[in-house]
Amino acid sequence: MALQATPYKVDLNLTDLDRNVYENLRFTVAKHPSETEERLAVRLIAYALWYHEQLSFGRGLSDVDEPALWEKSLDDRVLHWIEVGQPDAERITWCSRRTERFSLVAYGNLRVWQTKVLDSVRTLKNINVVAVGQEALEELARDLPRSISWSLMISDGSLFVTDERGQHEIPLEWLAGER
């Protein structure tokens, strides 16, 4: 019998001072059985960074033809494809060709990945890549509750998340493109 996805209830108070976005969002997100809490936290960070009314979670790990998140037009064109992790150059190129705008939130040990993968796709015109500080991400994702309540503020390119354990500053480093 296949393992089922785990639902997480999310209450996100989003304040994005850089884009003048102020939203109180409530939704449920599914955590794939093979997905880590870190990856789930990164998907939530990506959702906040590029929040738009049409932005939704894709099947991601369950379906390789779908991203972690995407924004679609009313006529079903993919306007913004968002991945998380460290995809290979072939995946980045494949995804960027299917959308007007491709964004990636990279996390983990990125030194080797940047040299081998990112440097080979920098010439693509529509990509944006941001790296999330690993230590801060690990602290934020540790023992992630099934009911997530975050106040998330973005200001001058910095990300601050307040949860029941206090405030976490999540360093962001833009590696390609811009937000």
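Let me begin with Leu-159, which in this predicted model lies in strand 9, the stretch of residues 158-163. Leu-159 has a relative accessibility of 0% and therefore counts as buried. If we set aside residues up to four places away in sequence, Leu-159 touches Ile-45, Leu-152, Met-153, Ile-154, His-168, Glu-169, Ile-170 and Leu-172. Val-132 is 27 residues from Leu-159 in sequence, and the C-alpha to C-alpha separation in space is 9.6 Å.

Now to helix 3, residues 111-121, where the buried residues are Trp-113, Val-117, Leu-118 and Val-121. These four lie on the same side of helix 3, because the arc they cover around the axis is only 90 degrees. Arg-111, Thr-115 and Lys-116, on the other side of helix 3, are exposed. What do the buried residues of helix 3 pack against? Their partners are helix 2 (89-96), together with strand 6 (101-106), strand 7 (127-132) and strand 11 (172-176).

The crossing in which helix 2 passes helix 3 is right-handed. On the helix 2 side, the contact is made by Ala-89, Ile-92 and Thr-93, and on the helix 3 side by Trp-113, Val-117, Ser-120 and Val-121. By residue type, this contact of helix 2 with helix 3 divides into 5 nonpolar and 2 polar residues, with no charged ones.

Methods. Residues numbered from 1 in each chain as written. Predicted model: local features only at pLDDT ≥ 70, side-chain atom pairs only at ≥ 80, totals over all residues. Heavy atoms only, no water. Helix = DSSP H or I, 4+ residues; strand = E, 2+ residues; numbered from the N terminus. Buried < 20%, exposed > 50% of the residue type's maximum accessible area, 1.4 Å probe, protein only. Contact = heavy atoms within 4.5 Å. Arc of directions from axis to C-beta. Left-handed = near helix turned anticlockwise from the far one by under 90°. Nonpolar A, V, L, I, M, F, W, Y, C, P; charged D, E, K, R; others polar.
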